[in-house]
Amino acid sequence: MLAAPPPVSLLERLRSLFGGGRRAVEAESRERVMRVFRARYAHFKDLLDSNAELARILADIDEKIAGCTLFGATWLRSQATRSVFHALRMVTGLNAISNDAYPTLPAIVERINGEITELLESRPQATVEAYALPFANINGDMVDWVGGKCANLGELTSRVGAPVPRGFAITTRAYYAFMEHGGLMGEIRKRLREVDPQDPESVLDVAEDIQDLFAAASVPPDLADALCAACDAAFGPADADGGSANEAGGHLRLAVRSSALSEDSHVSFAGQYLSVLNVGRDGVVDAWKRVVASLFMPQAIVYRLHQGITLDASAMAVACMEMVESVAAGVLFTRHPVDLLSDSLVINAAWGLGAAVVDGEMEPDTWLFSREDAPRPMSRHIVCKPHRLTPGDDGRLREEDVPEAQRDAPCLTDAQAAELARIGMQVEAHYGVPQDVEWALDTNGRLLLLQARPLTTTPRGDARTTPLIEGYPLLLHGGEPACPGVGCGPVLQPKNAEELAQFPEGGVLVATHSSPSYVLVMQRAQAIVAEAGSITGHMASLAREFGVPTIVNAPGAMSALRVGEQVTVDAFSCRVYAGRVDELLPLREERAVCLRDTPIHNLLKQVAARISPLSLHDPKAADFAPESCRTIHDVMRFVHELSYAHMFRLSDTVSDAGAVAVEMKAPVPLDLHVIDLGGGLVDVDGPYVWPEQASSAPFKALLEGMLDPAVHQRGPRPVDMSGFLSVMSRHLIEPPTMHGQRFGDRSYALVSDKYLNFSSRVGYHYGVLDAYCGQTMNKNYITFQFKGGAADETRKNRRVRCIGIILEALGFHVEVRGDMVTARFQKFAAPQIAERLVQLGRLLIVTRQLDMLMVDEAAVQRFADNFLHGRYH
């Protein structure tokens, strides 16, 4: 039998009853508070995650606004959508932890979202209702409705009085009617989201899918009827056979040519869109549809991306014009496109259609004239022209032999060449800038202008020549410099579109003849060498736009330059050497993407104005309120600031349950407050804790680094006077900005046994650290962000690059953008995680005023090396 318990006095029973009851009540109350807090913390964690994502989005937008990184409308829509999503997620989290204290915030985010959506969905507003307009009723001011080519043809007809074939423009109103018919535009936008600007194969796949959509699309009946009526008005009613007579008395055939909004403007789009030739009247609607579909050919998609032109800024108008029965045709440049020191006008001509010249398939005759109102002949170079291009019945071009007697004869008489030069100078005088003019000579001896656009010249304007470099095998010498420069890399000779799509970064493209389709890889190519082509051709114009060193009209290139062989291309003097010629490489220029002031860049700036600027700076100011939030960044700043206040305000309302938030007493220059989510602190009794009470593995490691005596400066820290003055002058003369706002000075740590979220907010910078350190290696991680500072942008950027160098040396994956560094270290064992947290603790202490010491570039690496070797001051 068990022994009976000893007798208990009434007093002891009462003490037990009331004391135990009180402890039970306290325990229950504390557990209730912690349940509430854990629920709020889950929302807070979502809020913090979205805050970090928004910081990355803002940094990405800042980088793109610099204009040196390639992006398209798909990226812009995606980042705008993500920014709104994360802002709403932060707002939801704040209201969850504040008992819906900010009911107006969701509507504010929706208002901003509405403004962004309106910008992204906007397009040029058509003020013409007609589907078609005759050239005689068009001028250069109507480019938004008839595109660049048609606007120029109308201008030449109505204001310059230059000879132009009969015809009319099919307007952008027709384009929008077709694209919105049956939801075609929506389906195209879905496909375009799959395009990777750095992956040509993805472009080919998307382009093929979109062409299938066009093949299945139907044209609205009223639009088809309007195009038939426009043909009647321009060329007369159809005869019994459904045709008409042309002005020369023969059977009327038509050319249906692209005239997109951005075409033939400050960017040429040379050869990127389709022209359908030899079209009968009954084929106009189908030909127009094919031209519209060419907006989405692979090379056109890539060209728009690199030129920063949105799809909405590329609406396709189309020129429908009488097909000239060309005896000869070609190109006129009113200034030399490469040698800008040459004060000459250039005419290229070939028998038949001008496509032989602009596509670079045949060597043309060349005339040089002086640039005067009455141009004088300066030189004439006549070549053998055994072939010519003529239109086939299927609308395609065909090559045929030139009669023997004509092959060595000039395509133009001296009088015709002089008249063409005079017309060219008349066109330049009207527009005020050098012109690229396509022309044709008909069977009646009339010269007709087929299009005019601003001339694309070499970006360098470089007329230098380079000497022969001794000691290197010369593989090729000859040709014409379409774009001067130097390139070096392995030779590739892509035979088809699939091989072109796999063209590697840094290759040298060698081809039998030039082609505008090579724009697909111009950003990747070191140089281009073509056996046939001319400096006035489409590919030459594109090469100059992209700054790719290019030699054309270089016979023997395909056999002389073997696939895989490394070569150095000197497109100044038209030489190609075997191997790497170090003496020439200093002339090689870096070709960076430049999207500044392009349509997509301007749209980004408008959208970013609703996302990035920060007007809420001082949490103590009266206007630090929801109604003052004008941008996503304002919402982010407001929510982030108030979220900490609401999280830590919980302890003020539950004093009977004991403190939830406690202040850490430690010899570190931080006002540090801690919330224990469970197992993060031990022996807590009162509003204060000391470092030795930390039981959270990641928090203990961080504190170890922060408390390391070696990182604490004894005496005043030496400060570079220019850095100090940079900070002071910035405070005195600049208003606070999104890059230089002052944060609150309180730092927070939310801890559990294996988890730490640490936010250090001191002066004008902040660091956020999130870490998990447990026995499951795949769960372990550290994420770290550091941003801001009080000095100028250069010094702040040096500081974060210095931090980035240190963290990379410690094994972190690092990204630096502007004045923010982001780092991640994940899936390592607990001891390695703890080691990095110790180093981060040291880093947070020693870098607080480091921006003032970043006096020059050398200081970046010098301080990083010192830190990594344990020299902290």
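Glu438 is buried, with a relative accessible area of 8% (buried means under 20% relative accessible area, exposed over 50%, and partly exposed in between, with a 1.4 Å probe and protein chains only). The model is predicted, so local features need pLDDT of at least 70 and side-chain atom pairs count only at pLDDT 80 or more, while totals for chains, interfaces and linings use all residues. Residues are numbered from 1 along each chain as its sequence is written, and side-chain values use heavy atoms, with hydrogens and water left out.

- Glu438 belongs to strand β12, residues 435–442; helices (H or I, at least four residues) and strands (E, at least two) are DSSP runs, numbered from the N terminus.
- The side chains of Glu438 and Arg257 are joined by a polar contact of 3.3 Å. A polar contact is a pair of N or O atoms within 3.5 Å; within protein, one must be able to donate a hydrogen and the other to accept it, and residues adjacent in sequence count only if both atoms are side-chain atoms.
- When neighbours within four places in sequence are left aside, the residues in contact with Glu438 include Arg257, Val358, Leu449, Arg453 and His538 (contact means heavy atoms within 4.5 Å).
- Strand β12 is joined to β13 by 7 bridges, and the two run antiparallel; two strands pair if DSSP finds at least two bridges between them.
- Within this pairing, Asp436 stands opposite Arg453 of β13.
- The two strands form a hairpin with 4 residues between them, and Gly445 in the turn has a positive phi of about 80°.
- Strand β13 (residues 447–454) is mostly covered, as 7 of its 8 residues are buried.

- Strands of a sheet pair through backbone hydrogen bonds, either parallel or antiparallel.
- Strand β3 (residues 254–260) and β4 run antiparallel and are joined by 3 bridges.
- Val256 stands opposite Val276 in β4.

- Another open sheet is formed by 8 strands in the order β14-β21-β20-β16-β17-β18-β19-β15, with mixed pairing.
- Its edge strands, β14 (474–477) and β15 (480–483), each pair on one side only.
- Neighbouring strands of this sheet are turned by 30° against each other on average, direction ignored.
- Strand β18 (residues 527–532) and strand β19 (residues 550–552) run parallel and are joined by 2 bridges.
- Val529 stands opposite Ile551 in β19.
- Helix α14 packs on the sheet, touching β15, β18 and β19, and its direction makes about 55° with that of β15.

**Helices**

- Helix α10 (residues 298–307) has 10 of its 10 residues buried, so it is largely enclosed by the rest of the structure.
- The buried residues of α10 pack against α6 (184–192), α7 (200–216) and α14 (538–546).
- The axes of helix α3 (residues 105–121) and helix α16 (residues 599–608) come within 9 Å and cross at roughly 170°.
- That angle makes α3 roughly antiparallel to α16; angles under 35 degrees count as roughly parallel, over 145 as roughly antiparallel, 65 to 115 as roughly perpendicular and the rest as oblique.
- Ile116, Leu119 and Leu120 of α3 make the contact with Leu603, Gln606 and Val607 of α16.

**Positive phi in loops**

- Asp100 lies in the loop between α2 (73–97) and α3, and its phi is near 55°, a positive value in a residue other than glycine.
- Asp100 is exposed, with a relative accessible area of 56%.
- Lys827 lies in the loop between β30 (820–826) and α21 (830–846), and its phi, near 60°, is likewise positive in a residue other than glycine.
- Lys827 counts as partly exposed, at 49% relative accessibility.

How values were computed
Axes are lines fitted to C-alpha atoms, for helices over the stretch in contact, and angles run from 0 to 180 degrees between N-to-C directions.
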